[in-house]
Structures are given as structure tokens and as C-alpha cells.
Amino acid sequence: MSEAQRIGKGGGPRSLRWMQRGSRVRTLETAVAVESPAAKGREPLADDSRPDTSRPRMIGSSGSRRRSARAGMLGGLLWALFPLGELPVVDLVLTPKGLLAYYSLGYLWATLLLLTGLHGLHGFHRRSYGWLGTVGFYVSFVALVLAFAGGALEMTKTATTNTVSIVAYWTVLMSFFMLTLGSALLGLAITEKVHDPPSYLGGLLLSIAVPLGFLFVFAAGAAWDFDFWVGLTVPYGAAWLLLGYALSKATSTVAQHSPTSGQYGRRRTIRWRRMLRG
């Protein structure tokens with residue numbers, strides 16, 4: 001007779017209950033061992049609600065889009081203020097090198113920031129605004145690249161020879177013509193699918209104000225002066241102040257309600273421990 005049988009025979013009902021409880025514990029331990037990640041060769045869950053644990057790629061992409069939103073807002077602000085450099089008082093205050101630095105910061109660097117913001121906006125909304133927004137994104141992206149190239153060529157020509165480049169002028173003008181088309185398509189897609197107020201107003205500015213600004217440049221016959229840049233950069237910059245703010249808020253909201261957040265991870269860990277305890 002085994003030891004367990006002798007204990008059960010001599011201990012009565014209490015010993016029998018003890019044996020049954022021990023059997024359930026051993027069975028549960030066996031099941032946990034079989035179902036555990038280590039037994040199946042899987043990696044354990046990374047989220048244990050501690051702040052120093054690794055987070056999935058979704059959190060990284062949210063941080064990247066938040067930085068893109070801030071870049072878009074800063075670039076939009078710089079473009080909205082860029083025509084101020086054409087005021088006569090600026091020529092009295094800044095030296096030629098100061099003017100060159102102003103244009104480099106307010107136009108070239110701002111264009112790069114807008115490209116970053118546009119990429120983040122497309123990454124966030126591409127599943128919602130469909131082919132219309134996708135076409136508008138690509139046309140706008142190419143237009144901003146050409147606007148940067150034309151502006152860089154013009155500033156280089158001005159710094160070296162102090163003359164105006166016709167090639168740079170037409171490159172910038174054609175880039176803003178493409179940007180008008182791309183902005184109209186992207187703005188229509190945003191206003192149709194995205195209905196929060198900042199995004200909707202930003203989409204309206206893209207689809208209406210940017211084309212009107214381009215028409216204003218032709219109507220005024222402006223060339224490299226205050227009216228020229230007001231019609232080209234101010235509407236698009238104002239639109240990106242709204243779109244960047246909306247993208248930043250939307251990205252923060254998605255990150256807070258993500259199933260990878262710490263609060264969800266704590267609830268999941270507690271639920272798992274309760275299941276193990278029976």
C-alpha cells in the first residue's frame with residue numbers, strides 16, 4: 001500500500017479533501033507548464049506594465065507621427081510668416097547675410113518641415129481618405145520637393161551673383177501650381193472623411209484658400225515680392241497650423257487608447273494571474 005493510500009485510509013474525509021486539492025494543484029501546474037510560452041517556444045509577453053519595458057511598434061509610430069505633426073505646425077508657421085521678409089523695413093534691419101539666413105530658415109528649412117508633416121499626415125489618414133487623398137499626397141510631395149529645389153537654386157544664385165534666376169523662378173512657380181492641384185485633392189479628401197474641426201478647417205484651406213492664393217499671384221502680376229509670397233505661402237502655412245495640431249491631438253488619443261498602453265497591460269496581467277489562481 002502506498003503512502004497516499006495509507007494517509008487516505010487513516011485520515012478520513014479531511015485527508016481525502018487534501019488529496020483532491022493537491023491533485024487539482026498538480027493538474028493546474030501541469031496545464032500551465034504545457035500552455036506556458038516557454039513550453040511552446042514562444043517569447044513571453046513584453047508588456048508587464050513597467051515603465052522600462054519595451055513597447056510594440058505602434059507606440060514608436062505614434063511618437064514619429066507626433067514629431068511629424070510638430071514639424072508640420074512649425075513649418076506652417078514659418079511659411080505663414082515668410083512674406084514679412086519682403087517688407088522694406090527688413091532691408092534696413094538685416095544685412096545681406098542676415099537676409100540669406102532669413103530666407104534659408106523661413107523657406108528652405110520650413111519646406112523640409114512641411115515635407116515631414118505631410119508624410120506623417122499621409123501615414124495616419126491613408127486608410128481613411130482613399131485614392132483621392134493618396135493622389136493629393138504624392139502630387140503635393142513632389143511639388144514641395146520642387147519648391148525646395150527652386151528656392152535653393154534662387155538663393156544660391158542671389159548669394160553668388162546677386163541676380164535673379166529665371167530657371168529658379170519658373171521652377172518655384174510650377175511647383176506651386178502642382179501644390180495647388182495636390183492641395184485641392186488632399187483637402188477634398190480630408191473634408192470628406194475627417195470631421196474634427198481643426199482637420200476640417202485645414203482641409204478647407206487646402207482645397208479653397210491655396211488655389212485662391214495662386215490665382216491672386218497671377219492677378220496681381222507679382223514676382224518675388226510681398227504679394228507674391230503672401231499668395232503662395234500664407235494659405236498653405238495656415239492650413240498646416242491646423243492640420244499639424246489635429247494630427248498631434250489624434251495621435252495622442254490613439255496612443256492613450258491603444259491596447260498596448262500600461263493600463264491595459266496591468267488589467268491583462270491581473271486577469272492572467274486570476275486565471276492561474278483558479
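## A nonpolar surface patch

Leu 74, Leu 77, Leu 81, Leu 84, Leu 105, Trp 109, Leu 112, Phe 226 and Leu 241 make a nonpolar surface patch of about 730 Å². A patch is built from residues with over 30% relative accessible area and no salt bridge, where nonpolar side chains (Val, Leu, Ile, Met, Phe, Trp, Tyr) are joined within 5 Å and like charges within 9 Å. A salt bridge is a side-chain nitrogen of Lys or Arg within 4 Å of a carboxyl oxygen of Asp or Glu. Accessible areas come from the Shrake-Rupley method with a 1.4 Å probe, and for residues only the protein chains shown count as cover.

At least two residues of the nonpolar patch come from each of helix 3 (57-81), helix 5 and helix 8 (226-256). One of the patch residues, Leu 112, is found in helix 5. Leu 112 counts as partly exposed because its relative accessibility is 39%. On this scale, buried means under 20% relative accessible area, exposed means over 50%, and partly exposed lies in between (1.4 Å probe, protein chains only).

## The model and its overall make-up

The structure is a predicted model, in which local features need pLDDT of at least 70, side-chain atom pairs count only at pLDDT 80 or more, and totals for chains, interfaces and linings use all residues. Residues are numbered from 1 along each chain as its sequence is written, and side-chain values use heavy atoms, with hydrogens and water left out.

The protein has nine helices and zero strands. Helices (H or I, at least four residues) and strands (E, at least two) are DSSP runs, numbered from the N terminus. Read from the N terminus, the order of elements is α-α-α-α-α-α-α-α-α.

Of the 278 residues, 37% count as buried. The protein exposes about 16,500 Å², and carbon and sulfur atoms supply 65% of that area. Contact means heavy atoms within 4.5 Å. Among contacts with a separation of 6 or more, 74% are between residues 24 or more positions apart.

Ser 104 lies in helix 5, which covers residues 96-161. Ser 104 counts as partly exposed because its relative accessibility is 29%. A polar atom of the Ser 104 side chain lies 2.8 Å from the backbone oxygen of Leu 100. A polar contact is a pair of N or O atoms within 3.5 Å; within protein, one must be able to donate a hydrogen and the other to accept it, and residues adjacent in sequence count only if both atoms are side-chain atoms.

Apart from neighbours within four places in sequence, Ser 104 is in contact with Trp 109 and Met 155. Ser 104 and Gly 151 are 47 residues apart along the chain, and their C-alpha atoms are separated by 8.8 Å. Ala 101 is also in helix 5. Ala 101 is partly exposed, with a relative accessible area of 45%. Between Ala 101 and Met 155 there are 54 residues in sequence and 9.9 Å from C-alpha to C-alpha.

## Helix 6 and its cap

Helix 6 (residues 166-193) has 28 residues and should span 40 Å at 1.5 Å a residue; its end C-alpha atoms are 41 Å apart, which agrees. The expected span is 1.5 Å times one less than the number of residues.

Ser 165 sits in the loop between helix 5 and helix 6. Ser 165 caps the N-terminal end of helix 6, with a side-chain oxygen 3.2 Å from the backbone nitrogen of Ala 168. Ser 165 is buried, at a relative accessible area of 8%. Not counting residues up to four places away in sequence, Ser 165 touches Leu 153, Glu 154 and Lys 157.

Lys 193 is in helix 6 and counts as partly exposed, at 46% relative accessibility. Leaving aside neighbours within four places in sequence, Lys 193 is in contact with Ser 128 and Tyr 129. Lys 193 and His 125 are 68 residues apart in sequence but 9.1 Å apart in space, C-alpha to C-alpha.

Ser 68 lies in helix 3 and is buried, with a relative accessible area of 7%. Ser 68 touches Thr 116, Gly 117 and Gly 120, not counting residues up to four places away in sequence.

Leu 232 is found in helix 8 and counts as buried, at 4% relative accessibility. Phe 176, Phe 214 and Val 217 are in contact with Leu 232, leaving aside its neighbours within four places in sequence. The C-alpha atoms of Leu 232 and Leu 173, 59 residues apart along the chain, are separated by 9.1 Å.
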